[in-house]
Amino acid sequence: MRVLIVDDSSVMRKIVARGLRQAGFKITDILEAGDGQQGMDLLKTDTNFKLILSDWNMPIMDGLNFVKSVRSGPPAIKNIPIVMVTTEGGEAKVGAAMEAGANGHIKKPFTPETLQVELERFLK
């Protein structure tokens, strides 16, 4: 299965990717984008993802607008589950993410166990 990680920090993208593998998910391919716009550009040509993990705070297109763009996008991408992986964790922020169309939320920092519990429903 394939996963798209959208985060402006290359270090955080590597940490998330390592966490997915440590959690035991059978990930075959992990693609990365440095912001929401890069994520949308990638999704124009490659739609075969089981899950998208997105940061909130990114330049050019933030995670909230990325979620909204995916949800209003073509049928091939609008139903891909999106989990926000971010330092934003207040009730209002989580509510805004869910209202925009996110399917889940993981607060940074996280453990591989947290990823496993939170993402199991998407990566079975």
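This section describes the sheet, the nonpolar cores, the helix packing and selected residues of a predicted model.

Strand β3 (residues 51-54) is joined to strand β1 (residues 2-6) by 4 bridges, the two strands running parallel. Isoleucine 5 stands opposite leucine 53 in this pairing. Strand β3 also pairs with strand β4 (residues 82-86), in the parallel sense and over 3 bridges, with leucine 53 standing opposite valine 83 in β4.

When neighbours within four places in sequence are left aside, the contacts of serine 54 are Val6, Gly63, Phe66, Ile82, Val83, Met84 and Val85. Valine 6, in strand β1, is likewise buried, with a relative accessible area of 0%. Residues up to four places away in sequence not being counted, valine 6 touches Ala33, Asp35, Gly36, Gly39, Ile52, Leu53, Ser54, Asp55, Met58 and Phe66. Valine 6 and lysine 78 are separated by 72 residues in sequence, and their C-alpha atoms lie 16 Å apart in space.

In soluble globular proteins, nonpolar side chains tend to be buried together. In this model, the largest nonpolar core has 23 residues, and those with the most contacts inside it are Leu4, Leu43, Ile52 and Phe66. At least two residues of this core are supplied by each of β1, β2, α2, α3 (63-71), β4 and α5 (91-100). The contribution of α3 is the greatest, at 4 residues. Leucine 43 touches Leu4, Phe49, Ile52, Phe66, Val70, Ile77 and Ile80, residues up to four places away in sequence not being counted. A second, separate core comprises 20 residues, including Ile5, Ala23, Ile27 and Phe110.

Two packed helices are described by the angle between their axes and the distance between the axes. For α2 and α3, the angle is about 20 degrees and the axes are 9 Å apart. Since angles under 35 degrees count as roughly parallel, α2 is roughly parallel to α3. The crossing in which α2 passes α3 is right-handed. At this contact, Gly36, Gly39, Met40 and Leu43 in α2 meet Phe66, Ser69 and Val70 in α3. Phe66 is also among the contacts of serine 54 and of valine 6.

The axes of helix α1 (residues 10-22) and helix α6 (residues 112-119) come within 8 Å and cross at roughly 75 degrees. As angles of 65 to 115 degrees count as roughly perpendicular, α1 is roughly perpendicular to α6. Here Val16, Gly19, Leu20 and Gln22 in α1 meet Pro112, Leu115 and Leu119 in α6.

Methionine 1 lies in the segment before β1 and is partly exposed, with a relative accessible area of 25%. Although methionine 1 and leucine 123 are 122 residues apart in sequence, they are 7.9 Å apart in space, C-alpha to C-alpha. With residues up to four places away in sequence not counted, methionine 1 touches Lys26, Ile27, Thr28, Asp29, Lys50, Leu123 and Lys124.

Methods. Residues are numbered from 1 along each chain as its sequence is written. This is a predicted model: local features need pLDDT of at least 70, side-chain atom pairs count only at pLDDT 80 or more; totals for chains, interfaces and linings use all residues. Side-chain values use heavy atoms; hydrogens and water are left out. Contact means heavy atoms within 4.5 Å. Two strands pair if DSSP finds at least two bridges between them. A nonpolar core is a set of buried Ala, Val, Leu, Ile, Met, Phe, Trp, Tyr and Cys residues joined through side-chain atoms within 4.5 Å. Buried means under 20% relative accessible area, exposed over 50%, partly exposed in between (1.4 Å probe, protein chains only). Axes are lines fitted to C-alpha atoms, for helices over the stretch in contact, and angles run from 0 to 180 degrees between N-to-C directions. Angles under 35 degrees count as roughly parallel, over 145 as roughly antiparallel, 65 to 115 as roughly perpendicular and the rest as oblique. A crossing is left-handed if the near helix is turned anticlockwise from the far one by less than a right angle, and right-handed if clockwise.
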